[in-house]
Amino acid sequence: MTPEEKGEAFRNLFLVRDFGQFLNSKRNTTDLMDAQNSYSLLFNALTDEDIESLQNSNVKFGMIVAPAAQILLPVQNTNINLICFEKHCLNLFDKSEVVAIILHEIGHVFNPNQVGDLNEFLADDYAVTRGYSNSIISSLQRGIELNLSGFNQDINLRRIDRLQE
């Protein structure tokens, strides 16, 4: 896959253009010299094979703004594997943590039909293999600290312990 083909394939994963724009604008305000944003970090973390696998799994990324949102799904794509993120929640994390969260969710796509702790551990492992171990840990810690929905479960403490081993 040429860089141009990879870029086009990556852009096509975004069902809602606003989500790509959000990731493109997500930078760490404390590190103004670092030009990379969440969009480029995610793009660089994914291999050509990852993007092809996401396409073959008919994965699309979406973004909602609470309390509700509407995403128009094209009729020809009735079996979309939609990975949706809430904008205000993602805004609470730094750019590397946002990428780690997205990679974790992609890990679920690449490890289907898993249950319990193994489901979460395998999804974490995908983010770890892409170089986001510390960011997965810090995103879990931040989510717990902020008492965000879904982060206040015992599994998240076990995930942190496992990742720190």
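Visitor: Which residues are exposed on helix 4?
Guide: Glu-49 and Asn-56 are exposed there. Exposed means over 50% relative accessible area, buried means under 20%, and partly exposed lies in between, with a 1.4 Å probe and protein chains only. Helices (H or I, at least four residues) and strands (E, at least two) are DSSP runs, numbered from the N terminus.

Visitor: What kind of model is this, and how are residues numbered?
Guide: This is a predicted model, in which local features need pLDDT of at least 70 and side-chain atom pairs count only at pLDDT 80 or more, while totals for chains, interfaces and linings use all residues. Residues are numbered from 1 along each chain as its sequence is written, and side-chain values use heavy atoms, with hydrogens and water left out.

Visitor: Back to helix 4, then. Which of its residues are buried?
Guide: In helix 4, which covers residues 48–56, the buried residues are Asp-50, Ile-51 and Leu-54. They span an arc of only 95° around the axis, which puts them on the same side of helix 4. The arc is taken from the directions that run from the helix axis to the C-beta atoms. Glu-49 and Asn-56 are on the other side.

Visitor: What do the buried residues of helix 4 pack against?
Guide: Their partners are helix 1, helix 3 (38–45), strand 1, helix 6 (95–110) and helix 7 (116–129). Contact means heavy atoms within 4.5 Å. Just after helix 4, Asn-58 has a positive phi of about 55°.

Visitor: How many helices and strands does the chain have?
Guide: The chain has 9 helices and 2 strands, in the order α-α-α-α-β-β-α-α-α-α-α along the sequence. It has 165 residues, of which 42% count as buried. Among contacts between residues at least 6 apart in sequence, 61% join residues at least 24 apart.

Visitor: Changing topic: how many aromatic pairs are there?
Guide: The count is 10 aromatic pairs. Rings of Phe, Tyr and Trp (its six-membered ring) pair if their centres lie within 6.5 Å; planes under 30 degrees apart count as stacked, over 60 as edge-to-face and the rest as tilted. One of these pairs is formed by Phe-14 and Phe-61, and it is tilted, at 5.4 Å centre to centre with 45° between the planes.

Visitor: Where do Phe-14 and Phe-61 lie?
Guide: Phe-14 is in the loop between helix 1 (3–11) and helix 2 (17–25), and Phe-61 is in strand 1 (residues 59–64), so the pair ties together parts that are 47 residues apart in sequence. Phe-14 and Phe-61 are both buried.

Visitor: Which residues do the ring pairs link into a cluster?
Guide: The cluster consists of Phe-10, Phe-14, Phe-19, Phe-22, Tyr-39, Phe-43, Phe-61 and Phe-85.

Visitor: What about Leu-23: buried or exposed?
Guide: Leu-23, in helix 2, is buried, with a relative accessible area of 0%. Beyond its neighbours within four places in sequence, Leu-23 is in contact with Phe-14, Asn-37, Ser-38, Tyr-39, Leu-42, Val-98 and Ile-102.

Visitor: And which residues is Ile-102 in contact with?
Guide: Ile-102 belongs to helix 6 and counts as buried at 1% relative accessibility. Leaving aside neighbours within four places in sequence, its contacts are Phe-19, Leu-23, Leu-42, Phe-61 and Phe-85.

Visitor: Turning to helix 9, which residues are buried?
Guide: They are Ile-155, Asn-156, Arg-159, Ile-160 and Leu-163. These residues fall within an arc of 140° seen down the axis, so they line one face of helix 9. They pack against helix 6, helix 7 and helix 8.

Visitor: Where is Glu-120 found?
Guide: Glu-120 is in helix 7 and is buried, with a relative accessible area of 18%. Apart from neighbours within four places in sequence, Glu-120 is in contact with His-104, His-108, Ile-155 and Arg-159.
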